[in-house]
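User: Hi! I am new to reading protein models. Could you walk me through one, feature by feature?

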Amino acid sequence: ALETSEKIWHNGKLLPWEDARIHVMSHVIHYGSSVFEGIRCYQTPRGPRLVRLREHVRRLFDSCHIYRMTIPFTMEQIFTACIETVRVNKLQHCYVRPIVFRGYGAFGVNPFPAPVETYIICFPWGRYLGSDALEAGVDVCTSSWARMSPNTLPTTAKAGANYMNSQLIKMEAIVNGYAEGIALDAAGYVSEGSGENVFMVRDGTVITPPIGRAVLPGITRDAIMRLCEDLGIPVVERSILREELYIADEVFLTGTACEITPVRTLDKIKIGEGKRGPITKQLQDAYFGIIHGEREDRHEWLTAV
Ligand code: PMP
């Protein structure tokens, strides 16, 4: 069940949750014209802290820019609005969902006449891939669906329409009994999960596909690469073959929702020992230590509410 909060930010004003409604003739409903973000806010000993808010707001503006959507606010205003929305809802920990879309006012594919609407919603949200996923790991499959080719839908934008592809991946995984699917790109190299970036570890090196393999430039992905540098773990971005995942020592998924989730089997093939590996654990400890406010926030990832 969906947990709610009291207020939703809309174009600079706070609305009661129930009043944040849109018309069925809104452009986004028919043509998928939305871009959005997903940010987590964690409870820390010093109060609630948003994780990498600045990077998320920047990616939201990048997504708008790619789709020629003019958002009538500055990055600073949206940054402040996210903090304000969490604060007025008095939530200690939550998920924050800013969304920008083409609204109501004109019909037809041409998006320009439709007004651009901006909303920021926050609500409590628990573990994404199950309660014990972070420790036990998850069982995943290789998807029969590929991620988008570079000249189809831009994967650098976090656009609602991209999630039609994600839904195909996710549904196929679920009906076949898996927690998640990993998609390949159009050329057959490992791309990403329906809502997560993919990492593998082999002989002590952490490897993840480059942005050119149709992956969203994940902010958790970036955090993992920085933490590897901090910890002296070699990390490289390079194309990965499907079978390299099978023979990896460790595989894990990263994202704001799933955090750092170990993969214990892929296509029913055991990965490493079939449980969370030591480097995955080391990166989880480093990441959770920072975001839960237990370790020094050396990269300035946290924003107070
Ligand atoms: N890939 C896809 C397709 C996603 O939806 C997400 C979640 N936003 C990610 C990767 C991970 O991105 P982030 O770490 O910024 O949440």
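Analyst: Happy to! Let us begin with burial: a residue is buried if 20 or more other C-beta atoms lie within 10 Å of its own, exposed if 12 or fewer, and partly exposed in between, with C-beta atoms placed from the backbone. Here, 43% of the 305 residues of the protein count as buried. Please keep in mind that this is a predicted model, where local features need pLDDT of at least 70, side-chain atom pairs count only at pLDDT 80 or more, and totals for chains, interfaces and linings use all residues. Residues are numbered from 1 along each chain as its sequence is written.

User: How many helices and strands does the protein have?

Analyst: Helices (H or I, at least four residues) and strands (E, at least two) are DSSP runs, numbered from the N terminus. This protein has 8 helices and 17 strands. Its radius of gyration is 19 Å, close to the 19 Å that the globule rule gives for 305 residues, so the protein is as compact as a globular protein of that length. That radius is taken over C-alpha atoms, and the rule is 2.2 Å times the number of residues to the power 0.38.

User: How do I read a helix, and which residues of α8 are buried?

Analyst: Start with length: the expected span of a helix is 1.5 Å times one less than its number of residues. Helix α8 (residues 278-291) has 14 residues and reaches 20 Å from its first C-alpha to its last, close to the 20 Å expected. Its buried residues are T280, L283, Q284, A286, Y287, I290 and I291. After α8 comes G293, with a positive phi near 75°.

User: Which strands pair with β6?

Analyst: Two strands pair if DSSP finds at least two bridges between them. Strand β6 (residues 94-102) pairs in the antiparallel sense with β3 (residues 34-36) over 3 bridges, and F36 stands opposite I99. β4 and β6 are antiparallel too, over 3 bridges, with C41 and C94 as bridge partners. With β7 (residues 116-123), β6 forms 8 bridges, again antiparallel; there P98 is partnered by I120.
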